[in-house]
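Let us walk through this structure step by step. Start with the parts of one chain, then turn to the place where two chains meet.

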Number of protein chains: 2
Amino acid sequence: MAVGLETPGNLHPIQGIRLAAAHSGIKQDNRLKDLALIEIEEGSSVAAVFTRNRFCAAPVTVARRHLEQFPGSRYLLINSGNANAGTGVDGMDAALRSCEAVAENAGVNPEAVLPFSTGVIAALLPVDKIIAAIPSLHASLLADNWLLAAEAIMTTDTLPKAFSKQVVIDGHPVSITGISKGSGMIKPDMATMLSYVATDALIEPGELRLLLAQVVACSFNSITVDGDTSTNDSCVLVATGSSNVRVSASSIDFIAALTQVFEQLAQAIIRDAEGATKFVEIEVQQAPSFADAKQVAYCIAHSPLVKTALYASDPNWGRILAAIGRAPVDNLDIDLVDLYLGDTCLLRQGLPDPGYTEAKGQAAMVGEEISIRVNLNQGGEAARVWTSDLSYDYVKINAEYRS
Amino acid sequence: MAVGLETPGNLHPIQGIRLAAAHSGIKQDNRLKDLALIEIEEGSSVAAVFTRNRFCAAPVTVARRHLEQFPGSRYLLINSGNANAGTGVDGMDAALRSCEAVAENAGVNPEAVLPFSTGVIAALLPVDKIIAAIPSLHASLLADNWLLAAEAIMTTDTLPKAFSKQVVIDGHPVSITGISKGSGMIKPDMATMLSYVATDALIEPGELRLLLAQVVACSFNSITVDGDTSTNDSCVLVATGSSNVRVSASSIDFIAALTQVFEQLAQAIIRDAEGATKFVEIEVQQAPSFADAKQVAYCIAHSPLVKTALYASDPNWGRILAAIGRAPVDNLDIDLVDLYLGDTCLLRQGLPDPGYTEAKGQAAMVGEEISIRVNLNQGGEAARVWTSDLSYDYVKINAEYRS
């Protein structure tokens, strides 16, 4: 089902990171992994961003607090199949107990463990199953297990999502490897559903936080499936420093490589979006501000009418026009707007392009990868958003999930 | 398919209003009416609200201008099957020519005619067919034709929408009758897709405008199918004064009756929403402001995940919670929020209600009419929004429309 997405290959291990995955019994099917553990070498820098949804899950609250209390996180414990969200005091207790179990087994303090959960909301986490699985999970940690970990954090994902990149900085190779998951309830606000990226570059914690904020804005915070921000969105970036190559938030080559890893991981979520048959890039150019450009792009990306037209490969561009027109952007002058579907111009300065034909529109819509470009001609800022179409299968997946 | 909606009956004629409907050839199927004409007696008060979508259609631009130039509108000409939106200069010309044709036939000035269109966006209006139909349309005007007119303005609607009400003011009967249409691209911003309401009450134009703004806020501006604001939304309220019963914007009994007519017409659009199998009322109480209450209600109403859960009759209330949590409301304190599905409490003060069981949740979801109630416990304002679910048929209708 996924659009232009394959099982990841060739993932560079990151010295200082070890991973393990197991089936602990949260998912019914015992062939499916549902628990991952990521070990971070002492002395690494760790930065994280979390959902801005006010109803954030218990593990998000605990992870945020632990990272504040002890910035040198040593373990990330992630379960799939249950989000531990909307679970009240019992949910907080379960998240804390899972951290304590990892801490005890590894001989670290509980604040050095960050918990993460993804899956059904508002069901109690079977934490005893997790605790029982921890000793053997810890014993199976390996530097080469990135793909296994990517599989263990999947929910409605049809494929694991991972990407790896090597870049030469000051003559020395630096590696970046990351995994992500998510295919529904996707309009991350600060981070995606779940993503973990590590590099062996040497980066100060403050610089790492700057870097993470910068790359998240144009990757995980630029995708949407359904406009629904999850209660569990989390993204963690780790720099182990094992390469001894020092990097800062102004290292252009490193930022380019890191951005590519984040973009690939974010795009993988859209390519595997629930029911997706199209991968759609929406670019809004020459806007008064980045925020305005994003508002227009999201208005198009969230329109169920645009999304169903995309599914039908129907160049019904009146729907795109209607979506632009309702974007909450001050002083938007529609008499300046240009609209393109692929290379085909639909609208020029707010008026139908005389060269447009239905056949050209159709041709621009048949592929699996669609590009919609809007030029507001009202400023110098631009934004790009990636989204999917709205298909029968989206309804099927979400009407049947849980049952 | 419509949820709890039947063909309207017993529509009171309004003295001073005559209506006619015909098939002019815009719709392919010649059994379907696609043109309506509404005649307003000289001396009536007329008020209208139009879409705030910046890409408003040519007829909206012309109707707005004509009403400004000449507040005593005499004719409303409405076609379905073609929205005359995104049609540039040719579209403006077509809208103006249709007004001139009505004006010439009736012996009034063109500014006394307001044009309205609904249907496919970005296709040229076949105005010659409309012009050819006008003489016979004008000749068939009758006071009893409300239902015919309601049928003529339908697009993807499965049933005509009309409602009528009589109320006694100062011992004298006053009638209110209205029609509406729309079932997709519905999140009106000032007015619904199309609605025309008339009363024989005597109301000054300024008072009528106040009244219209007041009742639209809680009716047409409180519904959503898909969050998509149409390019053609228009709502017209006419007071012919033929009852000689004078009414102002502070006449409580009249406002109550008028509100009921508007609510019924707005709800009819949701009951007949594209693919709808559920009619859902979302009420947000004790909010800091009316705008905040509406934001929270719309966040729930627009969530594809909530809508597919409604379709599946699945009390997956974690999705409602996630939607509330992402509402753009300042200082929303989730530890104060109560959530009800029908009479069943799900969440009390931000925590799962101990008395909740899955069986109770299921029972609250099986019916066709669902009520979701959120109490923010953070103020004194409330808002109600009506919406529909997201079904396979929604995708089918919108993937196949046009083809």
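**From domains to chains**

In this predicted model, the centres of domain 1 of chain A and domain 2 of chain A, taken over C-alpha atoms, are 32 Å apart. Domain 1 of chain A covers 17-271. Domain 2 of chain A covers 279-400.

The two domains touch. Domain 1 of chain A brings 11 residues to the contact, and domain 2 of chain A brings 11 residues. Look at the side that belongs to domain 1 of chain A. Two or more residues come from each of β9 (223-224) and α6 (252-271) of chain A. The top contributor is α6(A), with four residues. By class, this side of domain 1 of chain A has four nonpolar, six polar and one charged residues.

Now step out to the pair of chains. Chain A and chain B are in contact, with 50 residues from chain B and 50 residues from chain A. Follow the side of chain B that touches chain A. Four elements of chain B each supply at least two residues there: α8 (304-311), α9 (318-325), β14 (351-352) and α11 (392-400). Which element gives the largest share of this side of chain B? That element is α9(B), with seven residues.

The classes complete the picture. On the side of chain B that touches chain A, 23 residues are nonpolar, 18 are polar and nine are charged.

Notes. Residues numbered from 1 in each chain as written. Chains lettered and ligands numbered in written order. Predicted model: local features only at pLDDT ≥ 70, side-chain atom pairs only at ≥ 80, totals over all residues. Domains from an automatic or database assignment. Contact = placed C-beta atoms within 7 Å. Nonpolar A, V, L, I, M, F, W, Y, C, P; charged D, E, K, R; others polar.
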